Amino acid sequence: MKRLSIIIVTYKSENDIYDCLSSVWENCDLKHEELEIIVVDNSPDSTLMFSQLRERYGRNVMLIKNTHNGGYGQGNNVGIRQATAPVIMIMNPDVRLMEPILKTVVQAFEQDDSLCMYGIKQMLSAHKKSPLSYDCSYCMNGYLASLLTPICNRINFFIPKYMYFSGSCFFISKNKFEQVGLFDESIFMYGEEDDIHWRMKQHYGPQFVFNSKLHYIHLAKGHAPSLQTEKAMLKSIVSVNKKKGIPVEKTIHNRLRSIRVRNAWLSIRGWLGRKDQEQQVTLIELMNYMKHKI
């Protein structure tokens with residue numbers, strides 16, 4: 001009987017998926033027959049990757065070639081619908097398990113029927129903590145959210161009612177997730193975590209647990225924010241907040257507040273000799289773009 005299904009959506013992820021899966025098996029503290037791993041590939045061609053995965057893992061990993069690249073959420077839904085375990089783990093291919101965590105999480109769901117979601121501490125490396133194990137909801141005031149998120153992450157203070165787990169790695173009750181409609185497939189990328197958190201909370205209350213004693217590594221690749229990416233993110237945030245009854249204008253104003261805080265931080269880094277001017281210009285361009293949308 002399966003106790004946990006791990007869903008991994010890939011897109012041109014050959015540089016990550018092999019080490020990702022190795023880390024799962026190396027740190028698996030469940031019986032192998034209790035674990036189900038499903039890889040859903042959104043790439044144009046997955047022939048070589050799937051061939052190598054079959055050679056390494058045989059039937060221990062289910063491989064699904066998606067019919068089309070419908071986005072991160074749609075790909076996860078394809079995998080979840082094939083999953084047979086009561087607990088789902090959503091995992092990015094650039095995530096690495098660094099310690100045995102699976103049994104502890106699964107037992108938490110088995111011991112508490114009301115539990116909806118479970119999050120653990122994100123690391124950037126074995127010794128470097130990430131500032132984003134969880135984030136504040138997009139409906140929160142942008143100034144407050146920008147200050148609260150790093151502070152709460154630093155002191156491991158998770159507020160279930162107002163914070164959502166990083167989408168790179170989290171656990172969720174399959175049955176409860178199905179009841180609220182799984183991932184919203186109209187969201188191609190960005191904002192899915194906040195949307196899931198809100199819908200689960202609406203149906204079941206803030207039944208979320210964060211365990212700072214369990215860890216995973218997210219090999220987040222640093223990059224300067226692009227105007228195109230920020231526009232796509234804004235579009236998703238507006239869509240998510242519309243479900244909550246939040247006007248577009250309020251969403252944009254909150255995003256502008258967050259960007260002002262971010263710009264201030266970049267300015268401080270500039271005064272300290274850090275070269276972030278290119279990033280700040282991108283953010284200023286985004287501010288001008290959003291002002292025209294109000």
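Colleague: Where do E178 and K174 both lie, and how many residues apart are they?

Modeller: Both E178 and K174 lie in helix α6, residues 174–179, and they are four residues apart, about one turn of the helix; helices here are DSSP runs of H or I with at least four residues, strands are runs of E with at least two, and both are numbered from the N terminus. Please keep in mind that this is a predicted model, in which local features need pLDDT of at least 70 and side-chain atom pairs count only at pLDDT 80 or more, while totals for chains, interfaces and linings use all residues. Residues are numbered from 1 along each chain as its sequence is written, and side-chain values use heavy atoms, with hydrogens and water left out.

Colleague: What makes the pair E178 and K174 a salt bridge?

Modeller: The definition asks for a side-chain nitrogen of Lys or Arg within 4 Å of a carboxyl oxygen of Asp or Glu. The closest N and O atoms of E178 and K174 are 2.6 Å apart, so the pair counts as a salt bridge.

Colleague: Why is K174 called buried?

Modeller: Buried means under 20% relative accessible area, exposed means over 50%, and partly exposed is in between, with a 1.4 Å probe and protein chains only. K174 has a relative accessible area of 12%, so K174 is buried, whereas E178, with 37%, is partly exposed.

Colleague: How do you know that K243 and D184 tie together separate parts of the sequence?

Modeller: These two form a salt bridge, with the closest N and O atoms 2.5 Å apart. K243 lies in helix α8 (residues 227–243) and D184 in the loop between α6 and α7 (192–204), so the pair ties together parts that are 59 residues apart in sequence. Salt bridges that share partners also join D184, K243, D195 and R199 into one network.

Colleague: How many salt bridges does a search of the whole structure find?

Modeller: Nine are found in the whole structure. One more pair to look at is E110 and R3, whose side chains meet in a salt bridge at 2.9 Å, N to O. That pair links distant parts of the chain, with E110 in helix α4 (residues 102–111) and R3 in the segment before β1 (4–10), 107 residues apart.

Colleague: Why does R3 count as buried?

Modeller: R3 has a relative accessibility of 17%, so R3 counts as buried, while E110, at 43%, counts as partly exposed.
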